[in-house]
Amino acid sequence: MTETPSLPIAPVFINRELSLIAFNRRVLELAQDVSLPLLERLKFLCISSSNLDELFEVRIGSLTQQIRVGLNRPDDSGLTPVEQLDQVYTSAHSLVADQYHTLNDEIIPALAGEGIHFLRRTHWNEAQSLWVKQFFRRELLPLLTPLGLDPSHPFPRILNKSLNFVVSLEGTDDYGREAWMAIVQAPRALPRIIRMDEEASGSNSSFVFLSSMIHAHVHELFPGMTVTGCYQFRVTRNSDLAIAVDDDDDLLKTLQGGLFERNYGDAVRLEVADNCPQEMIDFLCDRFKLNDQAVFQVHGPVNLNRLMALYGLLNRSDLKDEPFTPKLKKEFSGEVNIFETIEQRGAVLLHHPFESFMPVVEFVRQAASDPKVVAIKMTLYRTGRDSAIVDALEAAARAGKEVTAVVELRARFDEEANIDITTRLQKAGAYVAYGIVGYKTHAKMTLVLRRDGSRLKRFVHLGTGNYHPGTARLYTDFGLLTDDRFLGDDVNKLFMQLTGLGRGMRLKRILQSPFTLHSGMLERIEREIEHAKAGRKGLIRAKMNALIDRQIIEALYRASQAGVQIDLIIRGVCCLQPGIPGLSENIHVRSVMGRFLEHPRVFYFLNDGDDELFLSSADWMPRNFFARVEACFPIDAPEIKARVIDEAFTRYLADNTGAWSLEADGHYHRVKRHHNAKPRSAQQSLLDDLSR
């Protein structure tokens, strides 16, 4: 591993959790952007809420555990776990307040202006009230189970992120029990937004919150009692699976046993209606072992993410992004043999979602049916239950081909789907491996062995994103189809590492985690430093989701001090602080966001004109460098290299519509377009040039 020499100026680091909240604030700013279609703004509001859920489930859960076991070591930013937790809760409270302000004061009024109404129970007319009552009794009442609290009915286990109501009561039932409080749990199968009948509402675009219906008729669950209060609440729990697997354990069985318990981890946040009395909040906090800072009182539904359903319920193309069809490259259109096409081209670059993901699916499909193909090897991280790729692998195995699937069972929140995929493939006769104990398999690669006369030829697909056709329409990613023999040999060695045992298989072209990627990046940063010190131009450009690794950041600081120009495009977390005189004034960091989730990892080093360009599945994070199996592969073909540089860097560095700049004060500021400047959107320009 390359040692990073000490810096003449003490490095500065931004806290990871606070940077993550800053990212979600940028998402929220898109929800507040009146230039965007209204339902897209609603979508961004929901995404900011969903992202915050994951922050609490994973990152806050981890901090809480550290505090619980007495760990007090500061992070790179100098904050102890207690200090981090205090600042994160403060920032999260501010973000949540802005989320509900955006919903109540911007989004809902704008929807009403478009004839789309959320009907509040305090404003229902007689016909609307009757419709709600009939719907409640027909559709909701049979599914709701009131849980009265007394010595024989203890406080129930509350499912992670479920909608619940705490109800205060007065009266005595037929058994002589004096009522005081009850819990009503809303089944997850119930929609949170319900379209009201047009005859009752006078419109086909009027909706009622499920919580409003339950509030209005909760008394029907407690006949003979007096309901004195009803308040919605939702608890978020630590959902990071801590799976300890020894070499002799079966990871599949261990995960199956742990998935249920994930829903009942330690509570880390309580969301409750803003009109809930303090005594009831105190009661809930006592049950969930939470303090005041973990309580979020909200004016509106406790789970904003469920509002995403409105996007699908409304057929309003005028309020959504213009639809597009990913372009199918001409060399893959019609009845073509994909392997012959790759042989003719040598390498084909795909940029999703602007270009179709179908060639990747077809690559596996044709491999499954081609009589010349004898084996298929593939990594599966997030693929989805209903996957054409898994169907093809299953068909190939049933046809007698050698099929090897390395399924990462521990892909967070996709564990259950991956267990199902594993079972399917094993039943079909495929060999399924779970990767390497202690390391998540995050590399995205497929290897096809096809007989070419008397020899076997290797075809590979390497990508920056998952083999998931759904996310391939939502995430930006690069993929490479090639018959390059050196890449094919490296990918084959990677699969041998993943499925077998052995040492000494050095890769020629691919940098891999946990062995050579971290040191390879440090070596290339150091090389740019040496060029700059010798009076030559030094240039580093990198695009990724997150930059957290301390050694990489310190090396970039040293490069800046040496005069290397560094342009970083980082969608989410960035712990590096640019623009500090004497430390990072040559580093520029921007976050570009828009219609699609930016997902590729692209690394460029000028190297005095003998430049190097890499695509990767790995961010610059410790977990990607040291706790995962990752692949970082070079792009050498001049035409493809020029494309990637243009489509990953040039367009994004010129974006002036959806870009934020990280400044020396540690805060992000949205890039403002000069009044005479032409609007430039990287994603829109790629849509215009690649998909049409």
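Author: Let's start at L501, in the loop that joins α14 (485-499) to β18 (511-513). Helices (H or I, at least four residues) and strands (E, at least two) are DSSP runs, numbered from the N terminus. L501 is exposed, at 90% relative accessible area; buried is under 20%, exposed is over 50% and partly exposed is in between, with a 1.4 Å probe and protein chains only. I436 lies 65 residues from L501 in sequence, yet their C-alpha atoms are 9.9 Å apart in space.

Before going on, bear in mind that this is a predicted model: local features need pLDDT of at least 70, side-chain atom pairs count only at pLDDT 80 or more, and totals for chains, interfaces and linings use all residues. Residues are numbered from 1 along each chain as its sequence is written, and side-chain values use heavy atoms, with hydrogens and water left out.

Now for the sheets. Six strands make an open sheet with mixed pairing, in the order β2-β4-β3-β7-β8-β9; two strands count as paired if DSSP finds at least two bridges between them. At the edges are β2 (146-148) and β9 (295-298), each pairing on one side only. From one strand to the next, the twist averages 30°. Inside that order, β3 (residues 164-170) and β7 (residues 226-237) run antiparallel over seven bridges, and F165 faces Q232 in β7.

Helix α6 (residues 210-217) packs on this sheet, touching β3 and β7; contact here means heavy atoms within 4.5 Å. The direction of α6 makes about 150° with that of β7. Axes are lines fitted to C-alpha atoms, for helices over the stretch in contact, with angles from 0 to 180 degrees between N-to-C directions. Helix α2 (residues 38-68) lies across β7, β8 (267-273) and β9, at about 140° to β8.

There's also an open three-stranded sheet, ordered β1-β6-β5, again with mixed pairing. Its β5 pairs with β6 (residues 206-209) in the antiparallel sense over three bridges, and I194 has V208 as its bridge partner in β6.

How many disulfides? The count is zero, a disulfide being a pair of cysteine sulfur atoms within 2.5 Å. Take C230: the closest cysteine sulfur, in C276, is 9.8 Å away, so that's too far for a bond. C276 is in no disulfide either, since its nearest cysteine sulfur, in C285, is 9.5 Å off. C230 is buried at 11%, and C276 is buried at 5%.
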